[in-house]
Amino acid sequence: MRRPGGNLTLPMATATYTPPQKILERYAKVIVHAGLGDGKGIKMGDLVVMRVPECAKPLLVELYKEVIRAGGQPLMRYTPDGLQRAYFQLCYSDTVPLYGA
């Protein structure tokens, strides 16, 4: 779709899938205990930064809990739908490399 002025706009996804709770818990355990720390998992006191979009919110909750159970310190950067889109539509092109998204 084209907006007046020739800018391309993309439709946002509306359908989402949420895995069963048990699957989310297992994913979180694998990520925290095998996917981080060079495959060894996190250690007591590790700061774990989680950058998660809206569609992964159910997994974020389980990741957060598993990081705490493993003795880590979770730090979340949750990005609701539409926020990144607004950033790229409104930012100056020279700020994109500086901040990323």
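I began with V49, which I found in strand 1 (residues 47–53), strands being DSSP runs of E with at least two residues, helices runs of H or I with at least four, both numbered from the N terminus. I was working on a predicted model, in which local features need pLDDT of at least 70 and side-chain atom pairs count only at pLDDT 80 or more, while totals for chains, interfaces and linings use all residues. Residues are numbered from 1 along each chain as its sequence is written, and side-chain values use heavy atoms, with hydrogens and water left out.

I noted V49 as exposed at a relative accessible area of 56% (buried is under 20%, exposed over 50%, partly exposed in between, with a 1.4 Å probe and protein chains only). With L47 and L75, V49 forms a nonpolar surface patch of about 300 Å² accessible area together.

I then turned to salt bridges, defined as a side-chain nitrogen of Lys or Arg within 4 Å of a carboxyl oxygen of Asp or Glu, and the count came to three.

In helix 1 (residues 21–35), K22 and E25 are three residues apart and so separated by about one helical turn; their closest N and O atoms are 3.9 Å apart, and E25 is partly exposed at 27%.

In helix 2 (residues 57–69), E62 and K65 are likewise three residues apart, with closest N and O atoms 3.2 Å apart; I noted E62 as buried at 5% and K65 as partly exposed at 34%.

For R69 and E66 the corresponding distance is 3.0 Å, with R69 exposed at 57% and E66 buried at 6%.

Technical notes:
Patch = residues over 30% accessible without salt bridge, like charges linked within 9 Å, V, L, I, M, F, W, Y side chains within 5 Å. Areas by Shrake-Rupley, 256 points an atom, 1.4 Å probe, with all protein chains shown as cover.
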